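Subject: Structure handover

Hello,

Here is the structure for you to look through. My notes on it come after the display.

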Amino acid sequence: MSRFIPIPGSERLAAAEARPVGPLDGSMPIEAMVMLRRRAEVPRELIVGPETISQAELAERYGADPADVELVREVLGRHRVQVADVDLASRRAKVTGTVDDMAAAFGTRLSQVASPDPAGGAPVEHRHREGPLKVPAELEGVVVAVLGLDDRPQARPHLRHAEAEARRISYKPSQLAKVYKFPPGTDGSGQTLAIAELGGGFRQPELATYFESLGLPTPRVTAVSVGGARNHPGEDADAEVLLDIEVAGALAPGAEQKVYFAHNTDRGFVSAVSAAVHATPTPAALSISWGAPEIDWTEQARTVFDEALADAAALGVTVCVAAGDDGSGDGVGDGLPHTDFPASSPHALACGGTHLEADPATGKVRSERVWGGADGGGATGGGVSEAFRLPAWQDTAGVPHNGSAPGRGVPDVSGVADPATGYEVLVNGRRTVIGGTSAVAPLWAALTCRLVEALGRPLGMMHPLLYAGAEPGRTSRGFREIIEGSNGAFRAAHGWNACTGLGVPDGEELLASLREMSSG
C-alpha cells in the first residue's frame, strides 16, 4: 500500500459561508492541474533583468523534466488517475479521473457546496475540500502543487462604477496620455499586450464603435480560450473585460491585444497567466485586473502563481496588476491591513489608484491625491505583504515593517482609479464611467508597450530600474509623487508610500531615465 506525503502549502480552509448542496457523484470524471518542480531554479539575475531568455531556453533549462512527467504518469496511473496533457515550459500537467479516484490519489475528501462568489456575492456551486493534499511518497518534491480539485471561485475584478450624484469629472482613456505624458511618437506598434480575464467577454462591433468615437483605429483584439473557458459576452464581468480592452486600446492603439479567458478558480487563474506568458510572440506586457486577499489563497497556489510571474520576468514580460479597491483592509473585514494577491507578488508591477482633477483637453493637472474616502466608494489597495519578504529593490524605499520580517510594499506605481474621476467606456451598448485599480493595470500595460516600442527591447521586471534613486521622502525620476490622502491604515507622503507607491507616471521623463540607465 502506498505511503502518502503532504504537499507543503496545500492546506485549504473551508470556504466562507459554504453550505452542502447534495451528494457529489463519486463516479463523475473531473480534471485538476498538477504543477511539477523546475529542472533548476531560475537565476535571480535573469529574473531582475535586463537580460531575457527565449521560450525554448526557459523550457529546456527551467521547465519540467520529461523524466518527472513519466514518473508522475506511472505513479498516478496506479491510482487510476491519468496524465492527459503536459506543458513542459510552464510545468503544468492536466490530470483526469473520477471524483473518488482523484480524492484517493491526493489524500483528500471532496464534497459539493455552494458559497458566495467573491466577484458578486451570489452563491456558486463548486467542489470543496479542507486540509492538506497528499501525494504518493515517490512523488515527494516532484509534484509541488495540485490545483482545481476544489474549484471554488478565487478572485474578484477590481473595478467600481461611478455614482451619478458623486461624479464630478471623467476622462476618455486617450486623454490620460496627455495627463501622464506618454512618450509622443509611440502607440505600441509591434508589441503584444496580453490581458487575463476570469469571466465575461466582448463583441468586436462594440469595440469598433467605441474606438471610432475616440477617433482611433480599432486595435486587433483576439480572444484566447484557456481550459475550456471562452469569450462569453452577456455576463456581469463584461464591464471588466471591456474596461481593460478599451483603456489598453485607447492608450496603445498600435499594440495587438490577446485576451486570455479562463475559469475563475486558482487553477484557471494560474493557467491564464501561464498561457499568456509562454505565448508566441512573447507579450511586452500582461495586464491583470483580478485578485483576492493573500489570506484567501493557499500557499501552494500563491507560490506557483509567483513562479509563473518569475517566468514572465525572465522572458521579458512586464506584468501589471491591480492593487485592489477596498483600501488597506482589502475587504477582509477584520480591522487589520491586508494586501491583495497577485499584486503583492514581488514579480508583479502593483498598480494603485488616485483621484485626479485635470483638464481633459490639455492634460493640465489641477490636483491628484490618493483614491480614498466617500467619493464613488472604495479606496486604493496598498500596504505590506505578509506572504512575501521585502525585495532587494525596495530596500531603500522606506517600506514600513509589519512585524519581525519586513514585507514587500504595495503598490509600486499608480494612476487615476477613483470612479468619481473615472474612465468613459462603452459596455454592452451603454456609455458609462468606471474606475478602480482595474483601469490602472491596462494603463500601465499600455505605457509599457510604448516604452518598449521606443527602447527597442523588452523591459520585463523593471522594478530595479523604477526604484533607482528612491529613498524615504524622495521618489524616483519619471514619477510625480502623490502626497495627499489615505487608504485607511496608510497615508500618502513624499517618496514611496503604501497608497500610491512611487507615484503616477511622467512617461517622457521615465523613458529618458530608462534610456540613460540602459546605456550606462
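The notes below go from the whole chain to single residues.

Overall form. This is a predicted model. The chain has 12 helices and 27 strands. Its C-alpha trace spans about 70 × 50 × 50 Å along the principal axes. The radius of gyration is 22 Å, which agrees with the value near 24 Å that a compact globule of 520 residues would have. Of the 520 residues, 60% count as buried. Among contacts with a separation of 6 or more, 79% are between residues 24 or more positions apart.

In soluble globular proteins, nonpolar side chains tend to be buried together. Here the largest nonpolar core has 131 residues, and L286 and W444 touch the most other members. Helix 10 (residues 437–455) supplies the largest share of this core, with 12 residues. Another core, of 28 residues, lies apart from it; L24, V75, A93 and V95 are among its members. Leaving aside neighbours within four places in sequence, W444 is in contact with C320, L349, C351, V413, S414, F479, P505 and L510.

Four strands form an open sheet in the order 4-5-3-9, with antiparallel pairing. Strand 4 (82–87) and strand 9 (143–147) are the edge strands, and each pairs on one side only. On average, neighbouring strands of this sheet are turned by 25° against each other, direction ignored. Strand 4 and strand 5 (residues 92–98) pair over five bridges in the antiparallel sense. D87 stands opposite R92 in strand 5.

Helix 3 (residues 66–77) lies across strand 3 (29–36), strand 4, strand 5 and strand 9, and runs at about 165° to strand 4. Helix 8 (residues 266–277) packs on the sheet as well, touching strand 3, strand 5 and strand 9. The direction of helix 8 makes about 55° with that of strand 3.

Helix 9 and what follows. Helix 9 has 17 residues and reaches 24 Å from its first C-alpha to its last, close to the 24 Å expected at 1.5 Å a residue. Helix 9 is mostly covered, with 15 of its 17 residues buried. G316 follows helix 9 and has a positive phi, near 95°. V317 is in the loop between helix 9 (299–315) and strand 17 (318–322).

Is V317 buried or exposed? Its relative accessibility is 2%, so V317 counts as buried; the cut-off for buried is under 20%. Leaving aside neighbours within four places in sequence, V317 is in contact with V277, T282, P283, A284, A285, L286, A312, G460 and M461. V317 and G188 are 129 residues apart in sequence and 14 Å apart in space, C-alpha to C-alpha.

T339 is in the loop between strand 17 and strand 18 (340–341). With a relative accessible area of 3%, T339 is buried. Not counting residues up to four places away in sequence, T339 touches P293, E294, D330, S344, G382, G383, V384, S385, E386 and V410.

Regards

Conventions: Residues numbered from 1 in each chain as written. Predicted model: local features only at pLDDT ≥ 70, side-chain atom pairs only at ≥ 80, totals over all residues. Heavy atoms only, no water. Helix = DSSP H or I, 4+ residues; strand = E, 2+ residues; numbered from the N terminus. Buried < 20%, exposed > 50% of the residue type's maximum accessible area, 1.4 Å probe, protein only. Contact = heavy atoms within 4.5 Å. Core = buried A, V, L, I, M, F, W, Y, C linked by side-chain atoms within 4.5 Å. Pairing = 2+ DSSP bridges. Axes fitted to C-alpha atoms, helices over the stretch in contact; angles between N-to-C directions. Expected span 1.5 Å × (residues − 1). Rg over C-alpha atoms; globule rule 2.2 N^0.38 Å.
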